[in-house]
Amino acid sequence: MTILDMGHLLLVLLLVEMQSVSVLLQIQRFMLFACLLMHSLLQVSYTSWFLDAFNYAIATNMDVLNLSIGGPDYLDLPFVEKVWEITANNIIMVSAIGNDGPLYGTLNNPADQSDVIGVGGIDYSDHIASFSSRGMSTWEIPHGYGRVKPDVVAYGREIMGSKISTGCKSLSGTSVASPVVAGVVCLLVSVIPESSRQDILNPASMKQALVEGAAKLSGPNMYEQGAGRVDLLESFEILKNYQPRASIFPGVLDYTDCPYSWPFCRQPLYAGAMPVIFNATILNGMGVIGYVESPPMWHPSNDEGNLLSIHFTFSEVIWPWTGYLALHMQIKEEGSQFSGEIEGNVTLQVYSPPQGEKSPRISTCVLHLKLKVVPTPPRSKRILWDQFHSIKYPPGYIPRDSLDVRNDILDWHGDHLHTNFHIMFNMLRDAGYHVETLGSPLTCFDASQYGTLLMVDLEDEYFEEEIEKLRDDVMNTGLGLAVFAEWYNVDTMVKMRFFDDNTRSWWTPVTGGANVPALNDLLGPFGIAFGDKILNGDFSIDGEQSRYASGTDIARFPAGGFVHSFPFLDSSESGATQNVLLTSGMTKADSPILGLLDVGEGRIAVYGDSNCLDSSHMVTNCYWLLRKILDYTSGNIRDSVLFADSVKKDAALYVEDHQLPSRRTDVNFSTYSAVVGKELVCRSDSRYEIWGTKGYNLQVRGRNRRLPGYPVFDLGRGLNSTVGNSNLRRLKPPVKNKSELDMPVLVASHWLVPAVVAVTGLLLLLSFWRIRQKRRRRRKGSGSGRFPNL
């Protein structure tokens, strides 16, 4: 009934000893088949092989299926949809969450699916294992918010198991924790009378029993531990008297419960902010399909609760067994001076078709809220993070930001404040800043409310209306702008391509670490542009040491600004990494990397590298620099070193247009972009009053204002003019109904694995392990706590 690695046979023997023989009798053939799949081709396998295995599980009426494999490609739809088919056939699937911890945003598929029981790992001291992947799920971003995963955690470090030959060995990994939970599930199945199993047991009811019975650990947050450590006896008590029902997971969002409720407990709500989105999972134990009978309702416990406004997006059709409920929370303007707590319940009624009864099954779900509210902070302490212009893998070949990283070439951690930038988020909160997220175009926020717009490692293009509005926001509204770019070099991208012998096509990055040509369009009205160098090296400012890792240079900057330059190695011509260049005898040249500029009423800071803010592959952080930049852009506080007379530019930096980075013409960028070929519209993560519109009706002023040291720019059309006569599309929720995923069109292949490699750029191509559709599903652990280099 369950797929187990051969190394976990000891667990099988223990389960048999604990009277689960009836549950485990059918595992042998499928277990061997699965092990052959997982260990073949150096742990590389094809999607089609898994589809065959899943079909076998369905055909033989298995009850429980464990997968100690996974990968980041949640857009491998044949695989994802087959998992839905598995659970729709009432097979309980348990899957390892991944060994990519302690990084956040590293959940592996299929464990990140809501119909699958995703399992993380802990040690015997109830500490989250360092290797265990962390949430949140990244399906929903940049336009929504991820779900809580893993669902539960179990022991996964130094677990004793049997060798394939004789004797025992120590095993570590979430691949060990996952079959522990699969064994718990088998035991729970075995204690339910066979006559009742069909009515009671299903993927939703089993997950309800596990998460409601789990023991919450002190210390880890919800995106590290889920509901907590699995508890067999508590889950048994829940199932013993179980009646089919629907529920919400997590069932409580408590801003006073820190650190479990991180990141919500780290930043209170306040009036005027972007909606705070909490994405919960609906578990429907009443049937494989269910429906939301009426819109969710907010029931405040006291009068103060009326200051909270909640808009809901949710799965109207719940299939298979699960759906989502997203809360978009705002404090009303009359609460701008309120300080205190708001408490109450959100209720949601779910019904499923009758199963032998005369009437439908109906259940009311409850989500309890306990929220902290503070008065609206001053403008200088409010930062807006641009999430809208971020593109991640999947669906496209989006490369990592540091080219020195050889074992994780894909940019797949979400680039969100609460995933791979979570340490930076905590630092900003500690510094007294309030950080909000914008998942809609730049026309969808009121610049007068924010001190700084923070744009880090962005890959998408920009609407013309965005470029014009940002120009006005900075020059006339006094908005601060802080931009952290990344490398972009077409020659290097071409050298990074490889041939996929599965799809018989060439694969190449769709952009660089950041989309520098697009950023140059955005910054053009201010006379600023980045170049196409790929710079590496160490430098120091005011005694603070930092590493510049595959960053770019500043090619244009107006006179009167402050520019910092340092001697770095440029690897753009060779397409190689710094480690190779160090032996090449090349000389270092001063390159401008940091610029600060007063523009009209606002202030701009640009920096050519974001790796020092990204916890994924950080060598040294530059949080000290970010704080100094924000002090300047938000509060006009000038650090004496950053604004020393020695770095003030008397003459503008300027290169001709043909010397600036150019866009690739051989890539259909519209496939991956939220801008190219799309309509400008404010989504459900912007303020309620502008949902479904093009944004704030701000008149652009000062169009022909001359910037110091740079020619006059005239952008032409006004902000609110419309291209063509197309109608606005109806807004869609941040997570789509399971039956109708609204996802980017899949192109070429789904995974990156060793393939026929282009002759040039061979050193870089050694790290490209995954190819889409040649799906690399990874085993989640190996002996002695060592894990595959994936």
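Asn636 is partly exposed, with a relative accessible area of 36% (buried denotes under 20% relative accessible area, exposed over 50%, and partly exposed the range in between, for a 1.4 Å probe and protein chains only). Asn636 lies in the loop between α16 and β30 (751-752), where helices (H or I, at least four residues) and strands (E, at least two) are DSSP runs numbered from the N terminus. Its phi is positive, about 55 degrees, although Asn636 is not a glycine. The model is predicted, so that local features need pLDDT of at least 70 and side-chain atom pairs count only at pLDDT 80 or more, whereas totals for chains, interfaces and linings use all residues. Residues are numbered from 1 along each chain as its sequence is written, and side-chain values use heavy atoms, with hydrogens and water left out.

A positive phi of about 55 degrees also occurs at Asp457, again not a glycine. Asp457 is located in the loop between β19 and α12 (464-475) and counts as buried, at 0% relative accessibility. Most residues other than glycine have a negative phi, and most peptide bonds are trans. Two cis peptide bonds may be described here: the bond from Ile141 to Pro142 has omega near 20 degrees, and that joining Trp319 and Pro320 has omega of about -15 degrees. Pro142 belongs to the loop between β3 (117-122) and β4 (152-155), and Pro320 to the loop between β13 (317-318) and β14.

The protein chain contains 17 helices and 32 strands. Of its 790 residues, 63% count as buried. Among contacts (heavy atoms within 4.5 Å) between residues at least 6 apart in sequence, 78% join residues at least 24 apart.

Strand β12 (residues 308-314) is largely enclosed by the rest of the structure, because six of its seven residues are buried. β12 runs antiparallel to β14, to which seven bridges join it; strands are taken to pair if DSSP finds at least two bridges between them. Within this pairing, Phe314 stands opposite Leu325 of β14.

In helix α11, the buried residues are His422, Met424, Phe425, Met427, Leu428 and Arg429. Their cover includes β17, β18, β19 (452-456) and α16 (623-635). Gly432, which has a positive phi near 95 degrees, follows α11.

Asn420 is placed in the loop between β17 (382-386) and α11 (422-430) and is buried, with a relative accessible area of 1%. Its side chain makes a polar contact with the side chain of Thr419 at 2.9 Å (a pair of N or O atoms within 3.5 Å; within protein, one must be able to donate a hydrogen and the other to accept it, and residues adjacent in sequence count only if both atoms are side-chain atoms). Apart from residues up to four places away in sequence, Asn420 touches Tyr104, His413, Gly414, Asp415, Leu613, Asp614, Ser615 and Ser616.

The structure holds eight cavities of 30 Å³ or more. A cavity is a set of points, on a 1 Å grid over the protein atoms alone, where a 1.4 Å probe fits but cannot get out, and lining residues have an atom within 4 Å of a point. Grid points are joined across faces, edges and corners, and a volume is the space filled by probe spheres set on the points. At least two lining residues are supplied by each of β9 (276-284), β14 (322-331) and β18 (434-438). The lining divides into 18 nonpolar, seven polar and two charged residues, with Ala, Val, Leu, Ile, Met, Phe, Trp, Tyr, Cys and Pro counted as nonpolar, Asp, Glu, Lys and Arg as charged, and the others, Gly among them, as polar.

Technical notes:
1 Å grid on protein atoms, 1.4 Å probe; cavity = no way out; pocket = protein on both sides within 12 Å on 5 of 7 lines; lining within 4 Å.
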